[in-house]
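Subject: Handing over the structure

Hello,

Here is the structure I promised to pass on to you. Please have a look at it first, and then read my notes below.

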Amino acid sequence: MEKILQVKDLQVAFKTFGGEVQAVRGVTFDLLKGETLAIVGESGCGKSVTSQAIMGLIPSPPGKIAGGEIIFKNRDLTSLPEKEWRNVRGADISMIFQDPMTALNPTLTVGEQIIEGIIQHEKIARTQAKAKAIDMLNLVGIPVPESRMKQYPHQFSGGMRQRIMIAMALICQPEILIADEPTTALDVTIQAQILELFRDIQNRTGVSIVLITHDLGVVAQVADRIAVMYAGKIVETGTRREIFYNPQHPYTRGLLQSVPRLDREDAELIPIAGSPPDLFAPPTGCPFTARCESAMEVCSRVYPIETKLSEQHQVHCWLQDQRARKLAVPVITIS
Amino acid sequence: MELRKKQNSLITPDIPDEWFTPRAKDIEQAEKVTRPSLSYWKDAWYRLLKNKLAILGLFFLLFVVFMAIFGPLISQHGLDQKLQDQNLPPSTTYWFGTDGLGRDVFTRTWYGARVSLFVGVAAALIDFIVGVTYGGFSGYKGGKIDNFMMRIIEVLYGLPHLLVVILLMVVMGPGLATIIVALSVTGWIGMARIVRGQVLQIKNYEFVLASKTFGTKTGRIIRKNLLPNTMGPIIVQMTLTVPAAIFAEAFLSFLGLGIQPPFTSWGMMADEGLSSILTGYWWRLFFPAFFISVTMFAFNVLGDGLQDALDPKMRR
Amino acid sequence: MTSYILKRLGAMLVTLWLIVTLTFFLMHSVPGSPFNEERTTNEAIQKNLEAYFHLDEPLYVQYGIYMKSLVTFDFGPSIKRSSDSVNAMLERGFPISFELGFITLVTAIVSGLFLGIIAALRHNGFVDYLAMTIAVLGISIPNFVLATLLIQQLAVTYEIFPAATWQSPMHMVLPTLALATGPMAIIARLTRASMLEVLTQDYIRTAKAKGLSPVKIVFKHALRNAMLPVVTVLGTLAASILTGTFVIEKIFAIPGMGRYFVESISNRDYPVIMGTTVFYSAILIIMLFLVDIAYGLLDPRIKLHKKEGR
């Protein structure tokens with residue numbers, strides 16, 4: 001399938017009081033046309049920063065894209081002048097944020113906030129833009145959109161606001177939609193509705209979605225492929241099936257075991273002990289070494305090379321080395 | 001170390017075999033925090049020290065306080081008039097020159113500093129006591145009492161501050177005590193609003209609720225939880241009240257409502273020196289005006305510095 | 001919204017009543033009553049006072065009469081000028097003071113917003129430090145010091161602007177500059193702080209994500225929200241400009257209301273002090289009220305919030 005976006009060895013760093021934080025340390029992945037790619041990881045692993053880097057929204061200073069490429073339509077976005085990147089933003093690639101309560105401007109009407117995006121990118125009359133906005137609000141399931149257009153964000157519930165955010169992001173018919181924890185701030189019932197909406201919209205428009213989340217439940221519902229991030233690196237990628245049923249990285253396994261499951265009574269909830277390394281001084285080897293049940297000497301010294309397990313499934317872990325196989329490795333099975 | 005990438009081959013020959021041995025899990029390593037942790041006040045202090053302008057302001061204020069105390073003692077002249085020495089420019093005898101009555105401007109500047117600083121600090125202290133009591137009580141009690149007390153504030157807040165002060169000064173007659181009283185009558189309102197807002201916000205924080213559920217006594221909650229957390233904005237407000245009071249005193253003196261001779265203040269000296277722009281006796285205006293301005297500047301930059309240093313949001 | 005306006009209106013009237021009452025009783029509590037015969041030198045004046053205050057009546061009757069005359073905008077006679085009344089002084093002086101105050105307020109708002117915005121946009125850059133240095137200096141230097149400095153430099157030494165009175169636009173430059181610098185500095189600092197805060201908000205990131213230009217983001221999304229705290233201080237600033245006119249009019253010999261007021265203070269012309277105080281207080285209290293209403297219009301959340309609050 002066609003690769004619509006390629007991220008190659010992306011590095012993002014932030015200058016802070018105490019030194020430089022390397023938030024993203026060489027992330028590589030592709031996004032295929034019409035698929036949903038989930039980037040999963042615990043907070044601070046760099047998944048949000050990655051998504052903001054694709055949008056060119058890294059606040060600079062203190063942040064900067066320190067290296068790598070983001071290739072979209074044969075162009076490296078990172079080398080584009082800001083003005084041209086702005087033409088891509090919101091038109092070809094758009095984004096939805098975590099908290100719909102704060103992501104909308106409280107002093108502008110909802111209609112105005114939807115319309116301004118399309119007016120920015122297309123030569124279109126205001127009345128036409130309005131009509132389009134109303135259509136879009138209909139699509140995302142806002143009842144009586146004509147009158148709702150004139151209202152302010154505080155007059156909507158959280159779920160409704162997130163629908164408005166989605167309408168806002170889709171108004172220019174982008175090819176890529178980046179959703180950064182789109183359901184985290186919502187009630188569980190609303191979460192399901194929003195996820196349903198994502199699937200519906202993807203079926204209708206064929207938009208590719210990058211879903212940033214820490215919630216494996218959400219991932220299981222909508223993702224085609226999954227990339228697992230840890231301490232600024234992608235440690236394992238694969239199809240949903242491969243990640244859920246054949247996880248290879250100890251961190252991926254740990255994540256899966258720490259999710260409560262209702263369908264299996266015997267399933268024990270096992271948290272991953274410890275916390276991620278401080279990215280002020282990232283470890284030279286595998287960053288998960290200190291928390292890893294199967295850590296070896298090599299892990300703390302050299303970052304593992306990529307192992308390709310299938311067309312889609314890749315993992316960075318020394319356990320894949322034949323020499324490690326000889327050791328008695330605690331086997332964790334997830335069926 | 002440059003690694004040769006060999007897809008599909010799971011052996012990397014340039015890494016020695018003996019490294020593939022199990023390694024103990026090291027949670028402590030993972031939990032290691034590379035940044036030193038500091039207490040709130042220590043951290044604030046370090047951040048204040050980094051603000052050069054604020055520290056400069058602090059040193060200047062210390063200098064002014066020192067001179068207000070010892071300046072008149074260092075001076076070779078008293079407050080007496082020497083009519084033969086009228087309007088002399090600064091010299092080795094009269095460091096800041098003399099005024100129209102032959103009084104030493106240097107001596108008067110530091111006597112004036114005493115009054116100006118005293119007015120500022122006294123007004124700030126009264127504002128602090130009344131404002132913290134009123135605001136703290138209102139915010140802590142909440143509900144109807146708070147509502148009622150805030151209505152009063154709302155009405156008082158609408159009063160034009162300086163007009164009320166002028167009115168009071170006209171009625172009570174000029175003088176040091178009346179200035180302080182007049183400034184305090186409306187001055188505490190700002191402090192009360194700040195304290196109430198802080199208390200209202202903080203009393204709903206989980207850590208206060210937590211101590212409440214443990215049955216901690218009200219007094220202890222106020223002392224241990226509320227006060228330390230409201231201290232930041234209060235200190236900032238106080239550093240900004242002092243220059244405001246000094247300015248108000250200068251303003252009143254300028255309108256002829258200030259303190260009375262033989263006492264003096266910077267505001268009064270500036271008022272007396274005003275004519276000197278036309279006569280050329282610049283030193284009579286320059287020194288009081290200079291010290292008012294620089295003192296206000298010092299308080300303002302120190303207040304700004306404290307605001308940044310004490311703001312918990314600024315911690316990184 | 002209506003209930004909000006009504007509530008504010010109520011508070012405003014109470015404040016107004018409070019200041020009138022306070023003024024009346026404070027003036028009558030001056031030792032040896034300011035309205036006694038010994039204080040006045042002129043029979044005509046004494047008659048004016050009698051007619052206005054009904055000094056032979058008990059205090060509460062006088063209070064009632066005073067309140068009644070205030071409602072009809074009659075502020076009474078002057079003690080020192082037999083043929084003059086407070087109303088006449090206001091008619092002569094206030095237009096000039098209003099002109100000075102208004103020009104000053106507009107200057108302060110425009111230049112303050114400008115300085116604050118560019119400082120925020122160039123956060124921690126040279127422009128930021130420069131703008132904030134100007135702002136801190138502006139707050140630190142009392143307006144009477146600035147005024148004399150300006151006269152000394154620009155009027156006496158270089159003779160660019162006239163030093164006193166209020167006739168042509170050239171005459172207005174120095175007094176306006178002296179009076180506007182303080183409020184400008186306050187607005188600049190507030191705008192900067194609030195801009196910096198607003199620029200970190202999520203909805204600014206959303207606006208960026210739409211591909212809007214920086215100009216649009218600043219003026220359409222950020223400034224509107226950043227203006228809110230600035231609007232709240234406008235009432236207080238108007239008050240400080242108003243009291244500032246007392247000093248500035250004295251220094252620049254401008255024949256405005258402020259000069260009459262300062263004169264009345266040094267003459268102990270109590271009815272003039274009373275009348276002016278009440279008049280000025282009314283203006284300021286109405287200003288505060290208008291600022292509140294403006295705030296309600298600027299921030300759509302206010303309406304709902306107030307409704308929920310009841």
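Before anything else, a word on contacts: two residues are in contact if their C-beta atoms, placed from the backbone, lie within 7 Å. Helices (H or I, at least four residues) and strands (E, at least two) are DSSP runs, numbered from the N terminus.

Please keep in mind that this is a predicted model, in which local features need pLDDT of at least 70, side-chain atom pairs count only at pLDDT 80 or more, and totals for chains, interfaces and linings use all residues. Residues are numbered from 1 along each chain as its sequence is written, while chains are lettered from A and ligands numbered from 1 in the order in which they are written.

**Chain C**

Chain C has 12 helices and 0 strands, which gives the pattern α-α-α-α-α-α-α-α-α-α-α-α along the sequence. Its C-alpha atoms fill a box of roughly 75 × 60 × 30 Å along the principal axes. Of its 310 residues, 44% are buried; a residue is buried if 20 or more other C-beta atoms lie within 10 Å of its own, exposed if 12 or fewer, and partly exposed in between, with C-beta atoms placed from the backbone. Looking at contacts in chain C with a separation of 6 or more, 73% are between residues 24 or more positions apart.

Helix α1 (residues 2–28) of chain C packs against helix α3 (residues 59–71) of chain C at an angle of about 135°, and their axes are 11 Å apart. The axes are lines fitted to C-alpha atoms, for helices over the stretch in contact, and angles run from 0 to 180 degrees between N-to-C directions. That angle makes α1(C) oblique to α3(C). Angles under 35 degrees count as roughly parallel, over 145 as roughly antiparallel, 65 to 115 as roughly perpendicular and the rest as oblique. The crossing of these two helices, α1(C) and α3(C), is right-handed; a crossing is left-handed if the near helix is turned anticlockwise from the far one by less than a right angle, and right-handed if clockwise.

Which residues meet there, between α1(C) and α3(C)? From α1(C) come V20(C), F24(C) and H28(C), and from α3(C) come L59(C), Y63(C), Y66(C), M67(C) and L70(C). By class this contact has 7 nonpolar residues, 1 polar and no charged. Here Ala, Val, Leu, Ile, Met, Phe, Trp, Tyr, Cys and Pro count as nonpolar, Asp, Glu, Lys and Arg as charged, and the others, Gly among them, as polar.

Among contacts in chain B between residues at least 6 apart in sequence, 68% join residues at least 24 apart.

Where the two chains meet, 36 residues of chain C are in contact with 30 residues of chain B. On the chain C side, α1(C) gives the most, with 8 residues. By class, that side of chain C has 26 nonpolar, 10 polar and no charged residues.

One place to look is helix α12 (residues 282–310) of chain B, which packs against α5(C) at about 125° with the axes 8 Å apart. This makes α12(B) oblique to α5(C), and the crossing is right-handed. The contact is made by S293(B), M296(B), F297(B), N300(B) and V301(B) of α12(B), together with V136(C), L137(C), I139(C) and S140(C) of α5(C). By class it has 6 nonpolar, 3 polar and no charged residues.

**Chain A**

Chain A is divided into domain 1 (3–92 + 174–327) and domain 2 (103–173), with bounds that come from an automatic or database domain assignment. The C-alpha centres of the two domains of chain A lie 30 Å apart. In chain A, 13 residues of domain 1 are in contact with 14 residues of domain 2. On the domain 1 side, the largest share, 6 residues, comes from helix α7 (residues 188–205) of chain A.

R199(A) is in helix α7 of chain A, and R199(A) is partly exposed, with 13 other C-beta atoms within 10 Å.

Best wishes
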